[in-house]
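Please open the structure in a viewer and keep the selection panel at hand.

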Amino acid sequence: EIANIMVDELKKVNPEYNPPRNLTKMLIQIDLMLRRDKRQFCQITDVFKWALADSFWSANMFKPNPAKYLREKFDQLFMKMIAKPPKKERKFAPCSDDNEALRIAKEMSARAI
């Protein structure tokens with residue numbers, strides 16, 4: 001079932017995707033993830049779907065055996081998936097009124113000159 005989900009998700013991203021005719025190699029890797037690596041069904045599918053949605057990892061999922069690549073990079077992908085996005089540093093606190101913002105902008109401009 002996981003192999004079918006992977007193929008369906010790959011086709012959603014790229015409708016021209018041609019899955020391997022023989023899914024045996026994919027099934028072996030999926031079996032290893034489930035039995036040897038003790039991964040959960042939903043964990044595998046969630047990480048795979050996340051990787052397909054990520055701009056960097058998406059292209060890598062279109063390897064000849066995406067399950068093998070997923071297994072090799074699983075921990076890295078999982079940690080990236082659950083990581084909180086970095087907080088953006090704010091240089092200035094928001095001003096409650098426009099006049100204060102203009103005053104600060106003028107002050108900064110004067111210091112720059």
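Predicted model: local features only at pLDDT ≥ 70, side-chain atom pairs only at ≥ 80, totals over all residues.

Is D75 buried, partly exposed or exposed? With a relative accessible area of 48%, D75 is partly exposed.

**The whole chain**

Begin by displaying the entire protein chain as a cartoon. The protein chain contains five helices and zero strands, and from the N terminus on its elements follow the order α-α-α-α-α. If the chain is coloured by accessibility, 27% of its 113 residues count as buried. Among contacts between residues at least 6 apart in sequence, 61% join residues at least 24 apart.

**Helices α1 and α3**

Next, select residues 2-13, which form helix α1, together with residues 41-53, which form helix α3. Two packed helices are described by the angle between their axes and by the distance between those axes. For α1 and α3 the angle is about 15°, and the axes lie 11 Å apart. Angles under 35 degrees count as roughly parallel, and α1 and α3 are therefore roughly parallel to each other. The crossing in which α1 passes α3 is right-handed.

Now show the side chains at this contact. On α1, the residues are I2, I5, M6, E9, L10 and V13; on α3, they are F41, I44, T45, F48, K49 and L52. By class, the contact of α1 with α3 comprises nine nonpolar, one polar and two charged residues.

Remain on α1 and select E9 and K12. Their side chains meet in a salt bridge, at 3.1 Å from N to O. Both residues lie in helix α1, three residues apart, about one turn of the helix.

**Helices α2 and α4**

Move to residues 24-35, helix α2, and residues 66-82, helix α4. These helices pack at an angle of about 30°, with their axes 7 Å apart. The helices α2 and α4 are therefore roughly parallel to each other. Here α2 passes α4 in a left-handed crossing.

To view the contact, select M26, Q29, I30, L32 and M33 in α2, and P66, A67, K68, L70, R71 and F74 in α4. The residues of this contact of α2 with α4 divide into eight nonpolar, one polar and two charged.

**Back to D75**

The side chains of D75 and R39 meet in a salt bridge, at 3.0 Å from N to O. This pair links distant parts of the chain, 36 residues apart: D75 belongs to helix α4, while R39 lies in the loop between α2 and α3. R39 counts as buried, at 17% relative accessibility, whereas D75 is partly exposed.

**Helix α5**

For the last stop, select residues 98-112, helix α5, and display R103 and E107. R103 forms a salt bridge with E107, the closest N and O atoms being 2.9 Å apart. These residues are four apart in α5, about one turn of the helix. R103 is partly exposed, with a relative accessible area of 42%, and E107 is partly exposed as well, at 35%.

R103, E107 and R111 are linked in a network of salt bridges. How many salt bridges are counted in the model? The count comes to six salt bridges.

Key. Residues numbered from 1 in each chain as written. Heavy atoms only, no water. Axes fitted to C-alpha atoms, helices over the stretch in contact; angles between N-to-C directions. Helix = DSSP H or I, 4+ residues; strand = E, 2+ residues; numbered from the N terminus. Parallel < 35°, antiparallel > 145°, perpendicular 65-115°, else oblique. Left-handed = near helix turned anticlockwise from the far one by under 90°. Contact = heavy atoms within 4.5 Å. Nonpolar A, V, L, I, M, F, W, Y, C, P; charged D, E, K, R; others polar. Salt bridge = Lys/Arg side-chain N within 4 Å of Asp/Glu carboxyl O. Buried < 20%, exposed > 50% of the residue type's maximum accessible area, 1.4 Å probe, protein only.
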